[in-house]
Structures are given as structure tokens and as C-alpha cells.
Amino acid sequence: MNTVADTSLSTRIHRIYNELASMGSLEPSQRVNHLFGELVSISMSRSRGEVDEVLGDPVVREIREGLWRVCSRGEFELERHWARRIAAADDPAAELRSFPYAANYEKLTRLELSSLRGVRDELPRRVLFVGSGPLPFTSILLAGRHGLPVSNIDVDEEACAAARTLARRLGLSDRLEFLCADALSCSDLSEFDCVFLAALVGMNRREKGRLLRHLHGAMRPGALLLVRSSQRLRALLYPEVDIHGMAPFEPLLEIHPHDEVINSVIIAERPERGRIAG
């Protein structure tokens, strides 16, 4: 790949970031949707040379965390918009299926469930989702299609309120519960067989590491942790988690999709007491 092309791609990423970061609101609009669509398109590149050049660019490195925070804001606004739209619809289930990333979530959730079966031969009986947001799509799929009771934690009160309303409209209030809290304040998670950690919970290595250490102390020995990560240029959208830096958890499995599913999946175990991870 020539230098001009590499520079052009880095310049596009910087331009997209600057425009999104300067916007007063990232609620869905023609321009906001176009910019995030352009960023997602860039992130799907499979060229090794392109990946190395872009992620090695000093300008891109400097804005990486800023990009994640912009993506977090944009994802929240998109989910809030659709949560309200779905809850207000005459047929909420049909409206849910029209969510722009519905197929992506369905594929990711199938991948995650297959991965969990691969390490334990059965699905967990009780799940906690950390960072569920206003539109907890994965939790809805786990509860609605697989009958799993799912507890959800999110630090944002508006997100929890929107998600509760949505669960009620979808007839899933008996399987989905929502707690507005910081996951770091939850000291006992021993009732859960598996904890899902959303990709945008913890925006850097320090924040993610602190959360992992806390979850290790709160989860029961033998419980599973499923972490959503990223790889290649998809790390422009979501932080990449180093599977070798999962201590004190013991990594069991890592999967990197090559289709339109953006998130990678890492499954780790909270080791039995006295057993050292890694």
C-alpha cells in the first residue's frame, strides 16, 4: 500500500473524529449517521498493511481514547432513540427487529452462546450484563429466545429507565431486571454463572484492569466472564482487550469474527480459590 493512501485514511479518521467530537448532540441524524457509517466502514478493513499503518499513525494513536468516548456517546444516543421508538410502537417486537444493528447483535449473541457452550457444554443459568444501556439488545435476546433470566447494570439512570420500559412493552419484565449502579459498587455477584462485560465499559487499560480486579473479587469461583473486545481497525470503535492481560482471571477462549460482527469475544474463568490464573 502506498503512503498517500495510508495518509488519506488516517486523515479521514481524524476528520470524522473532529466533526463528531465538536457536535453538541450525537442523536441520530443524516449527518451523524453518515459519519458513524463511514467510521464503521473504515474499521472493517482486512488489509494487514492498512491496519498496521493506521494504528501506528501518531495522530490516530493520540485520538484513540477520544474515538471510543465519541462512539460511546453516539451508541447511547442511538439506543435511546430506538428504545423510545420501540416502546411507543404498536408492535414493539416488530419495531425491535427494524433496529439498524439487529442482525449484528443476533449474530454476536449466537457467537457468544456457542462460545459459552464450547467451554462448559451448557448455557449459564443466571447472567449479569454490565453496561447494558438504554436498548439492552443482547439481554433481550437471552431472555426472549433462550429463557435466561438476566440482571443488567448501568450507571446511567436514564438508560435504566428506558430499558425497564422497553422490557415491560416486550413482555420480558419477569426475566429482565435493571439496577442503576456503578459495577464497582457491587460487592457480591456470586449468584451469577456468567458476567457479560460490554465493550465500552472501561475506556482504557487502567479502567478496564480496575474493573476486572473488582469483578474477580465479587464473582464466585468457577464463574465465567465474557468480555467484548476488538481487533484490527475495529479497535477504532471499541477498546482492544489483551487476553494475556486478563489476570486475575484465567482466559479460556478468544474469537475474532471476520464478517460484519465488530466485537471480538473473550471468555475467562474466575479461578477456584488457591489456583493462580495464567
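How many of the 10 residues of α7 are buried? In this predicted model, where local features need pLDDT of at least 70, side-chain atom pairs count only at pLDDT 80 or more and totals for chains, interfaces and linings use all residues, 7 of the 10 residues of α7 are buried, so α7 is largely enclosed by the rest of the structure. Residues are numbered from 1 along each chain as its sequence is written, and side-chain values use heavy atoms, with hydrogens and water left out.

**Terms**

- Helices (H or I, at least four residues) and strands (E, at least two) are DSSP runs, numbered from the N terminus, and two strands pair if DSSP finds at least two bridges between them.
- Buried means under 20% relative accessible area, exposed over 50% and partly exposed in between, with a 1.4 Å probe and protein chains only.

**The sheet**

- An open sheet of mixed pairing is formed by 7 strands, which follow the order β3-β2-β1-β4-β5-β7-β6.
- The edges are held by β3 (176–180) and β6 (250–255), each of which has a single partner strand, so one side of each is left without a neighbour in the sheet.
- On average, and with direction ignored, neighbouring strands of this sheet are turned by 20 degrees against each other; axes are lines fitted to C-alpha atoms, for helices over the stretch in contact, and angles run from 0 to 180 degrees between N-to-C directions.

**Strand β1 and its partners**

- Strand β1 (residues 127–130) pairs in the parallel sense with strand β4 (residues 194–197) over 4 bridges, and β1 also pairs in the parallel sense with β2 over 4 bridges.
- V130 stands opposite L197 in β4, while in β2 the bridge partner of V130 is I153.
- In a regular strand the side chains alternate between the two faces of the sheet.
- In β1, V127 and F129 point one way and L128 and V130 the other way, and all are buried.

**Helices on the sheet**

- Helix α6 (residues 102–120) lies across β4, β5 (224–229), β6 and β7 (264–269), and runs at about 145 degrees to β5.
- Helix α8 (residues 157–169) packs on the sheet and touches β2 (150–154) and β3, its direction making about 165 degrees with that of β3, where contact means heavy atoms within 4.5 Å.

**The α6 and α7 pair**

- Two packed helices are described by the angle between their axes and the distance between the axes.
- The axes of α6 and helix α7 (residues 137–146) come within 10 Å and cross at roughly 65 degrees.
- That makes α6 roughly perpendicular to α7, on a scale where angles under 35 degrees count as roughly parallel, over 145 as roughly antiparallel, 65 to 115 as roughly perpendicular and the rest as oblique.
- On the α6 side the contact is made by A102, Y105, E106, T109, E112 and L113, and on the α7 side by F137, T138, L141, L142, R145 and H146.
- The buried residues of α7 are F137, T138, S139, I140, L141, L142 and A143, and just after α7, G147 takes a positive phi of about 70 degrees.

- D52, placed in helix α3 (residues 48–56), counts as partly exposed at 43% relative accessibility, and its C-alpha atom is separated by 26 Å from that of E75, 23 residues apart along the chain.
- Y101, placed in the loop between α5 (92–97) and α6, counts as partly exposed at 34% relative accessibility.
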